[in-house]
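Subject: Structure for you to look at

Hello,

Here is the structure I said I would pass on. Please open it first, then read my notes below.

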Amino acid sequence: MEAIRKSNKARPEQQNVTYQRASGADMLTVNAETLHEFDLAGGKLHAACLAGSNMSGSDLHAADLSDADLHSARLVGANLSTAELTLANLEGADLRDAKLIGADLYGANLRKTQLKGALLYGADLLDADLSGAKLRGAMYDSGTRWPASVRPETRGALLK
């Protein structure tokens, strides 16, 4: 990850972010509120532990969050378009109004995740666990790939 860029909307008191490169691996250390409205587009955050973090309004498009722990993370209105989220743990995460256009969520844990208003156009949700996920108001298209056991229309998702 080249840099962590704070958007113009990030609050000045939320700047406790440390980034370093050690042993050839990227390392990101944050507090639970730090990533609110940050620009992490294209960031390499593979296997990052961001459980409980507030990343609402952040730009994470094209970020590598594969195998990341985002358990109970707040991602309201975040841009996760084309993000790599394979095998990520998003259990209990709040993804209301998030943009997940073309995101790869293959095998992700989405149990009890809030997806109201999320844009899932072209997203890959194959083998994802959507047990207890709230899909009412989520929008998808014919390019969205769902697990065989999930019928999005019966759970309130909207085909657009």
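**Salt bridges**

The side chains of D94 and R96 meet in a salt bridge, with N and O 2.7 Å apart. A salt bridge here is a side-chain nitrogen of Lys or Arg within 4 Å of a carboxyl oxygen of Asp or Glu. D94 is buried, at 14% relative accessible area, while R96 is partly exposed at 29%. Buried means under 20% relative accessible area, exposed over 50%, and partly exposed in between (1.4 Å probe, protein chains only). D94 and R96 also belong to a network of salt bridges that includes R74.

This is a predicted model: local features need pLDDT of at least 70, side-chain atom pairs count only at pLDDT 80 or more, and totals for chains, interfaces and linings use all residues. Residues are numbered from 1 along each chain as its sequence is written, and side-chain values use heavy atoms, leaving out hydrogens and water.

Now for R111, which is partly exposed at 32% relative accessibility. Which residue forms a salt bridge with R111 at 2.8 Å? That is D129, with 2.8 Å between the closest N and O atoms. Both D129 and R111 lie in the loop between β4 and β5, so the pair ties together parts 18 residues apart in sequence. Strands are DSSP runs (E, at least two residues), numbered from the N terminus. D129 is partly exposed, at 23%.

E91 forms a salt bridge with R111 as well, the closest N and O atoms being 3.2 Å apart. E91 lies in the loop between β4 (38-39) and β5 (139-140), as does R111, so this pair ties together parts that are 20 residues apart in sequence. E91 is buried, at 19%.

Across the whole structure, the search finds five salt bridges.

Regards

Terms used: Helices (H or I, at least four residues) and strands (E, at least two) are DSSP runs, numbered from the N terminus.
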